[in-house]
Amino acid sequence: MEMSLFAIMVSTILVNNYVFARFLGICPFLGVSNKMETATGMGFAVTFVTTLASIITYIIQNTILNTLGLQYLQTIVFILVIASLVQFVELALKKISPGLYSAMGVFLPLITTNCMVLGVAILNIQEGFTLLQTTVNAVGASLGFFLALILISALREKMDIADIPEALAGFPITLIAAGLMSIAFTGFAGLV
Amino acid sequence: MIGMCSVLAITNTVENSLGMSAAVIAVLLLSNIVISTIRKFIPSKIRIPIFIVVIATFVTMVQMFMNAYAQSLYQSLGIFIPLIVVNCLILARAESFASKNGVFLSAMDGLAMGLGYTVAVVALGAVREILGSGSFLGMNLFGENFQAAAVFVSPAGAFILLGILIGIFNVTIKSKATN
């Protein structure tokens, strides 16, 4: 399967957006999208961790698990890598860049249970990507997540002041808005 | 409002919903039992990584079991079986219940939570399958000429339908409370 890097990028951001088409990363998508500011922080943190985690898990899969025939340990190893990576990034940021830490620090612990990070890591292996393709796919996936998060948080800020039926206020209307957005995103199908 | 990803993704048919529920119940029950058994030996500082390892072990077992005995289900659930690891529901029960209570109570809690998950997931799966493909568990309900609304099987339909179901749920709770 030879796919150009550009095609992978466009495909993961728009056509197969991980939030709207693959249902990965829904928890933070619904949880931290009530304000534009927090959404941006979360977006940056996720982009950073997903990209790093994809590269590291790719290397581990190909150097350790495949050579030793331990593929069945994939889930356990990957989740441990992600959990410790998140912890490590948090410590490193605190030391190196306090400004950046205060901007995205609170979101870092939440990322361990963001299924997109693990999902992207596993999908990269399943698709049989090379290291370069893996990196591009991870960046594209996170940018797609970022885009979805920004769009929905901008909408929610507007919906806060709108007159919404009481039963639908909060989560339900957000889900319905996400559904409509998902329909809009199917318009990109056939782009790649 | 937790464990959303898998709920939205695998409820396109009743069969997938049931399969996913079975996997979640198994993992929830077994991990609750193990965690409550070893809860006195777990240092509180590194409890979360330990919980995750226990959960990931059972998820891997379920995954291999499904691959061996339910191949078609394994293929249609795909990536969402390993993703049970990051289902917040399981970690939340380990953290808030199994790490504080005895083995028997934790097993009951795992079973009850799993059944609650099953009810929600199967309900959503049934509505999506009936509206989206006009069938139930693969059986055709409305005959050949029925035009199914394919949108309900697609991701967009999942979002919208879940929103509407929660809305209905809110209304019923409210009318009960005022009575």
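Mentor: Start with burial. Buried means under 20% relative accessible area, exposed means over 50%, and partly exposed lies in between, with a 1.4 Å probe and protein chains only. This is a predicted model: local features need pLDDT of at least 70, side-chain atom pairs need 80 or more, and totals for chains, interfaces and linings use all residues. Residues are numbered from 1 along each chain as written, chains are lettered from A and ligands numbered from 1 in written order, and side-chain values use heavy atoms, without hydrogens and water.

Trainee: Why does A:Phe185 count as buried?

Mentor: A:Phe185 has 8% relative accessibility. The limit is under 20%, so A:Phe185 counts as buried.

Trainee: What makes A:Phe188 partly exposed?

Mentor: Its relative accessibility is 30%. That value falls in the in-between class, so A:Phe188 is partly exposed.

Trainee: Why is the pair of A:Phe185 and A:Phe188 called edge-to-face?

Mentor: Rings of Phe, Tyr and Trp (its six-membered ring) pair if their centres lie within 6.5 Å; planes under 30 degrees apart are stacked, over 60 edge-to-face, the rest tilted. The centres of A:Phe185 and A:Phe188 are 5.5 Å apart, with 70 degrees between the planes. Hence the label edge-to-face. Ring pairs also link A:Phe20, A:Phe23, A:Phe185, A:Phe188 and B:Phe159 into a cluster.

Trainee: How do you know that α7(A) and α8(A) are roughly antiparallel?

Mentor: Helices are DSSP runs (H or I, at least four residues; strands are E, at least two), numbered from the N terminus. Axes are lines fitted to C-alpha atoms, for helices over the stretch in contact, and angles run from 0 to 180 degrees between N-to-C directions. Helix α7 (residues 115–127) of chain A and α8(A) cross at roughly 150 degrees, with axes within 10 Å. Under 35 degrees is roughly parallel, over 145 roughly antiparallel, 65 to 115 roughly perpendicular, the rest oblique. Therefore α7(A) and α8(A) are roughly antiparallel.

Trainee: Which residues of α7(A) meet α8(A)?

Mentor: Contact means heavy atoms within 4.5 Å. A:Met116, A:Val120 and A:Asn124 are the residues on the α7(A) side. Those of α8(A) include A:Thr134 and A:Phe145.

Trainee: What makes α5(B) and α6(B) roughly antiparallel?

Mentor: Helix α5 (residues 88–98) and helix α6 (residues 103–133) of chain B pack at about 150 degrees, with axes 11 Å apart. The angle falls in the class over 145, so α5(B) and α6(B) are roughly antiparallel.
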